[in-house]
Amino acid sequence: MTKKLNVALLIAFVSICAGIGQEVPAPTPSPTTKESASPSPTPEQTPSVSPTRSVRISFVPPPLQGTISLGVYDSNSKLVRVLHQEAGSNEFTIGADALVTQWDGKDDDGQDLPDGKYHARGYLIGHFKVQDLGQATALPVEDKAVANVKVKLMPNPLANDEKPIVELGVGFDDEGSFLKTIDGLPLCTISETPNLIRVKNSEKSVDVWQDNGTLIERFRISNIDKMMAFDCGDFELK
């Protein structure tokens with residue numbers, strides 16, 4: 001009797017262990033080295049930024065009501081940046097005894113200029129009078145038309161020059177035509193027609209003929225001597 005009981009208990013114990021063995025989940029295989037290695041995130045490439053450059057330019061404005069055109073010139077006296085064109089005094093910072101502006105060291109195309117010595121100068125333009133004389137029947141005779149004119153300016157009492165002479169011309173771009181200095185500094189807008197043909201001057205005025213291919217228009221800019229020159233001096237761009 002005891003022997004049969006032991007055999008029955010042994011069979012029951014084996015059956016329980018077998019059942020437990022079937023319920024235990026199989027172990028999860030460890031990931032291989034290839035699977036476990038996560039790709040490293042690629043660091044974002046930060047675009048290189050050119051260092052910020054700023055040059056302080058100041059000047060004492062001449063005692064004349066009008067607009068201001070200011071240019072930056074390189075060591076060869078070449079105009080490299082039109083810093084202000086027909087600007088009002090409100091476009092400048094008012095310093096203790098001068099008007100102040102900043103130059104970022106770039107040219108008119110937005111390109112960085114090399115380090116070195118530069119110069120700034122400009123003009124305070126009085127009230128030029130631009131008249132549209134209407135349609136012209138013909139262009140002026142060649143020998144009476146010139147490319148540039150020389151004008152005696154009003155003397156600047158804050159400078160040493162007496163009645164300086166400036167050479168003026170007429171230029172044009174996609175936005176129209178304008179009176180400019182011979183080195184390219186724009187002074188005064190003439191019209192929105194960007195087609196220049198002839199220029200002729202008298203003592204205090206400039207006549208301009210423009211041809212758009214269909215008709216010839218004539219303009220007269222008077223009081224061109226009503227402006228004063230000023231100088232901002234040399235400075236170093238680093």
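Analyst: D207 is a buried residue, its relative accessible area being 5%; buried denotes under 20% relative accessible area, exposed over 50%, and partly exposed the range in between, computed with a 1.4 Å probe on protein chains only. The model is a predicted one, in which local features need pLDDT of at least 70 and side-chain atom pairs count only at pLDDT 80 or more, while totals for chains, interfaces and linings use all residues. Residues are numbered from 1 along each chain as its sequence is written, and side-chain values use heavy atoms, with hydrogens and water left out.

D207 takes part in a salt bridge with R220, with N and O 2.7 Å apart. A salt bridge here is a side-chain nitrogen of Lys or Arg within 4 Å of a carboxyl oxygen of Asp or Glu. This pair connects distant parts of the chain, since R220 belongs to strand β14 and D207 to strand β13, 13 residues apart. Strands (E, at least two residues) are DSSP runs, numbered from the N terminus. R220 is partly exposed, at a relative accessible area of 27%.

D207 also forms a salt bridge with R218, where the closest N and O atoms are 2.7 Å apart. Here too distant parts of the chain are linked: D207 lies in β13 (residues 205-211) and R218 in β14 (residues 216-222), eleven residues apart. R218, with 24% relative accessibility, counts as partly exposed.

In total, the structure holds seven salt bridges. Another of them joins the side chains of R81 and D108, at 3.9 Å from N to O. R81 is in strand β3 (residues 79-87), whereas D108 is in the loop between β5 (99-103) and β6 (116-125), so this pair ties together parts that are 27 residues apart in sequence. R81 has 18% relative accessibility and counts as buried, while D108, at 48%, counts as partly exposed. The two residues also belong to a network of salt bridges that links R81, D104 and D108.

Strand β6 in turn contains H119. H119 is buried, with a relative accessible area of 18%. Its side chain reaches the backbone oxygen of G233 at 3.4 Å. Apart from neighbours within four places in sequence, H119 is in contact (heavy atoms within 4.5 Å) with G71, V72, Y73, D231, G233, D234 and F235.

Note on methods:
Helices (H or I, at least four residues) and strands (E, at least two) are DSSP runs, numbered from the N terminus. A polar contact is a pair of N or O atoms within 3.5 Å; within protein, one must be able to donate a hydrogen and the other to accept it, and residues adjacent in sequence count only if both atoms are side-chain atoms.
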